[in-house]
Amino acid sequence: MVPPMMSLDDQIKLAQREVEDSKESRIVSMQKLGSALQHLEEAKSLYAQAQREMDQANTRLQNAIIHISELELRLPGKWNTMYQKFVEFKEKYGHCNVSQDSFSTRTRIRDFETQEEQDRKSLARWVGNQRVDYKKFHSGQHSCLNQQRIDALNRIGFIWDLKGAKWYMKYNELVKFQKENGHCRVPHTFNAELSKWVIAQRYSWKRKRDGKGPPHLTAEREALLTNIAFDFEYEC
């Protein structure tokens, strides 16, 4: 505020001092801001480094836990023995779909089983029991499974939902057919099983559309079919 009765020259000098003081304050503030920005960049760098170290430590810890788990799964025990046989099956065949079907016809004809057939059937029964115990585990019932065993089975791609796995297998077959033929109308003469599956998807979709019965075709599966230009309303 300008004091009363101050001459114009004095007012100009006062205003000039205010300008100079403001400039000095601005320089000091800019220096402080520059210092703060420098510290901020340093802090960001330290934070990023700490985050990387934390991620590395978490990965190391997770790998150590998995390693201990895998070692414990080699200890003597019926479940561990069957698990190791299951791992060997996965390594040999490249998948986890243990089935007795491949031996059934020959077994009925010969009336005896080889050791390989017996082992395969035993492993298939064990796999089925894991699915039953998995449901028991999640419903709070007594189960031979615990989280460690579930994690071990998940790591090698165990198929818990067999029906769901079969759906995705057929879907992948249809994707291949669609890429090769440009449509999803699979002739019965080309692949009878896939053709039946395609018809079943249309039937499920129409029942869902008309509000008849439970929606067997989930929204996720419907979206997957839509992505490959599946014609739900096509009439054979």
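Hi everyone, let me start with the second largest pocket, whose lining divides into 4 nonpolar, 3 polar and 3 charged residues. For those classes, Ala, Val, Leu, Ile, Met, Phe, Trp, Tyr, Cys and Pro count as nonpolar, Asp, Glu, Lys and Arg as charged, and the others, Gly among them, as polar.

A word on the source: this is a predicted model, where local features need pLDDT of at least 70 and side-chain atom pairs count only at pLDDT 80 or more, while totals for chains, interfaces and linings use all residues. Residues are numbered from 1 along each chain as its sequence is written, and side-chain values use heavy atoms, with hydrogens and water left out.

Back to that pocket. Its lining consists of Lys78, Trp79, Met82, Ser122, Trp126, Asn129, Gln130, Asp133, Cys144 and Arg149. Here a pocket is an open set of points on a 1 Å grid over the protein atoms alone, where a 1.4 Å probe fits, with protein on both sides within 12 Å along at least five of seven lines; lining residues have an atom within 4 Å of a point. The second largest pocket holds about 190 Å³ of space, with volume taken as the space filled by probe spheres set on the points, and grid points joined across faces, edges and corners. Which helix gives the most to this lining? H4 does, with 5 residues, and H2 and H4 each supply at least two. Helices here are DSSP runs of H or I with at least four residues, strands are runs of E with at least two, and both are numbered from the N terminus.

Now the largest pocket, at about 250 Å³. Lys85, Glu88, Phe89, Lys92, Tyr93, Glu116, Asp119, Arg120 and Leu123 line it. This time H2 brings the largest share, 5 residues, and H2 and H4 (115-138) again each supply at least two. By class, the lining of the largest pocket has 3 nonpolar, no polar and 6 charged residues.

On to helix packing. H2 (residues 78-93) also meets H5 (residues 147-155): their axes come within 11 Å and cross at roughly 10°. Axes are lines fitted to C-alpha atoms, for helices over the stretch in contact, and angles run from 0 to 180 degrees between N-to-C directions. H2 and H5 are therefore roughly parallel, the word for angles under 35 degrees. Trp79, Tyr83 and Phe86 of H2 touch Arg149, Ala152 and Leu153 of H5, contact meaning heavy atoms within 4.5 Å. That makes 5 nonpolar, no polar and 1 charged residues.

A second pair is H6 (residues 162-181) with H8 (residues 219-227), whose axes come within 11 Å and cross at roughly 10°. So H6 is roughly parallel to H8. On the H6 side we find Gly164, Trp167, Tyr168, Tyr171 and Leu174, and on the H8 side Glu220, Arg221, Leu224 and Leu225. The classes here are 6 nonpolar, 1 polar and 2 charged.

While we are in H6, look at Lys170, which sits in that helix. Beyond its neighbours within four places in sequence, Lys170 contacts Glu193, Leu194 and Trp197. Lys170 and Glu193 are 23 residues apart in sequence and 8.9 Å apart in space, C-alpha to C-alpha.

Finally, the whole chain: 8 helices and 0 strands. Its radius of gyration, taken over C-alpha atoms, is 35 Å, well over the 18 Å that the globule rule gives for 236 residues, so the chain is more spread out than a compact globule. That rule is 2.2 Å times the number of residues to the power 0.38. Along the principal axes, the C-alpha atoms fill a box of roughly 125 × 60 × 40 Å.

Methods:
Parallel < 35°, antiparallel > 145°, perpendicular 65-115°, else oblique.
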